[in-house]
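Hi everyone, thanks for making time for this. Let me put the structure up, and then we'll walk through a couple of parts of it together.

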Amino acid sequence: MNVLDAEVETSRFSKRITGRVIKLGDAIDTDLIYPGRYVPVVDPAEWPRHALEGIDPNFPSRLQPGDIIVAGRNFGCGSSRSQAVSCLKLAGIVAIVAASFGRIFFRNAINQGVPVIECADAHHLFQEGETLRIDLAEGRIEGAENSASFQPLPAFMMAILGAGGLVPFTRALLAK
C-alpha cells in the first residue's frame, strides 16, 4: 500500500492554526530548548517545565497553550534529542515557524505531530505577542500588519501531522 493513498483519520487536525508569537533568534539548539541535565527525567509531565529554560530559566512560565514559536535560522540544531520537540508540544506550542530547521529536529517535530514551517521572512515580519493565523494547506501566514508565504509541506507529511504524528499514523495504516 502506498502511504500517500492511505486514508488515515485526520478529523482532529486543523490545517488552520491561530496563536500568539513567541519570538526567538538564530541557532536555537536542542540544548537551549531542553537542557541536557533534564534528559534523565522520565516523566513527560515534567518536560514542559523546562522548555526553553536554556535561554532563560523563567522562560517556561511565559509559554501558554496555543503559542507559536517564530525563530530565525537553524532552529533545533544540535543533538537528536527528541525531548526538545516533546517539551514544546507538551507546553502547548501548536506550530514552529523558522527560517530554517535542524534536519533531525524537523523530522522529530513532524513525527510527533507538531507543524514546522520554513519561512525565511517570518522572523522579520512578526513580533513577540502578535497573533498569527497560519494556513498549512495554502502556505500562508497572516499577522496584524504583515503576511508571508511558505511552501506547504508534502502530502505525506501533512498526513502524518493529520494523524497526530508518526505512531498514530502507522497504527492507523496497520489497522486497515
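So, to start: in which sense do strand S3 and S4 pair, parallel or antiparallel? Before I answer, keep in mind that what you see is a predicted model. Okay: S3, residues 95–98, pairs with S4 in the parallel sense, over 3 bridges. If you want one spot to look at, find Ile-96, whose bridge partner in S4 is Val-116.

Now zoom out to the sheet. Here 7 strands form an open sheet, and the order across it is S4-S3-S2-S1-S5-S6-S7, with mixed pairing. The edges are S4, at 116–118, and S7, at 147–149. Each of those has a single partner strand, so one side of each has no neighbour in the sheet. On average, neighbouring strands are turned by 25° against each other, direction ignored.

There's a helix to point out here too. Helix H4, residues 103–111, lies across S3 and S4, and H4 runs at about 135° to S4.

Next up, a pair of helices. With two packed helices, you describe them by the angle between their axes and the distance between the axes. For H6, residues 155–163, and H7, residues 166–175, the axes come within 7 Å and cross at roughly 95°.

Note on methods
Residues numbered from 1 in each chain as written. Predicted model: local features only at pLDDT ≥ 70, side-chain atom pairs only at ≥ 80, totals over all residues. Heavy atoms only, no water. Axes fitted to C-alpha atoms, helices over the stretch in contact; angles between N-to-C directions. Helix = DSSP H or I, 4+ residues; strand = E, 2+ residues; numbered from the N terminus. Pairing = 2+ DSSP bridges. Contact = heavy atoms within 4.5 Å.
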